[in-house]
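Trainee: I should like to go through the reasoning behind the terms used for this structure. May we take them one at a time?

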Amino acid sequence: DVSLRTEYARLLHCQARCQEHLQAVEEELVRVAAAATPTMSPEQLSNCDLALQRLALYLCQEGRDEEAKPHLKRLGFRYRLARGGLGYRRPPRPAAAPAAKAYR
């Protein structure tokens, strides 16, 4: 069911902690967006469009504008925010916590 898969992709994205997790999100969004067929119900098609929107936004945030263009066009967008508006800088990875000292 595309609504469940769309929600699954959203949850994956919320819990992503590394690039590998984000790749899994992207793959799931691609699968859901590609599942759209003319015989689907309006609700199912809406979920496919939502997945496509999230995919396009993700690609823009990753600086992959050329890959996002066909998706944005398919969704009917004519304009988009500048790269700086969607290209977030990633926070530095936290340093490993120092080992706990045993006090006697």
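Predicted model: local features only at pLDDT ≥ 70, side-chain atom pairs only at ≥ 80, totals over all residues.

Trainee: Why is Ala16 called buried?

Mentor: The relative accessible area of Ala16 is 18%. Buried means under 20%, so Ala16 with its 18% qualifies. Ala16 lies in the loop between helix H1 (2–15) and helix H2 (19–34).

Trainee: Which residues is Ala16 in contact with, leaving aside its neighbours within four places in sequence?

Mentor: They are His21 and Leu22. Contact here requires heavy atoms within 4.5 Å.

Trainee: How do you know that the span of H1 agrees with what a helix should have?

Mentor: H1 has 14 residues, and at 1.5 Å a residue they should span 20 Å. The expected span is 1.5 Å times one less than the number of residues. The end C-alpha atoms of H1 are 20 Å apart, so the two values agree.

Trainee: What makes the buried residues of H1 line one face of the helix?

Mentor: The residues concerned are Val2, Thr6 and Ala9. Viewed down the axis of H1, they fall within an arc of 60°, and therefore they line one face. Leu4, Cys14 and Gln15, on the other side of H1, are exposed. The cover over the buried residues of H1 includes H2 and helix H3 (42–61).

Trainee: How do H2 and H3 pack, and what is the hand of their crossing?

Mentor: H2 and H3 pack at an angle of about 145°, with their axes 8 Å apart. Their crossing is left-handed. Among the residues that make the contact are Leu22, Glu26 and Leu29 of H2 and Ala51, Arg54 and Leu55 of H3.

Trainee: How many residues of each class does the contact of H2 with H3 have?

Mentor: By class, the contact has 11 nonpolar, three polar and two charged residues. Glu and Arg count as charged, and both Glu26 of H2 and Arg54 of H3 take part in the contact.

Technical notes: Residues numbered from 1 in each chain as written. Heavy atoms only, no water. Helix = DSSP H or I, 4+ residues; strand = E, 2+ residues; numbered from the N terminus. Buried < 20%, exposed > 50% of the residue type's maximum accessible area, 1.4 Å probe, protein only. Arc of directions from axis to C-beta. Axes fitted to C-alpha atoms, helices over the stretch in contact; angles between N-to-C directions. Left-handed = near helix turned anticlockwise from the far one by under 90°.
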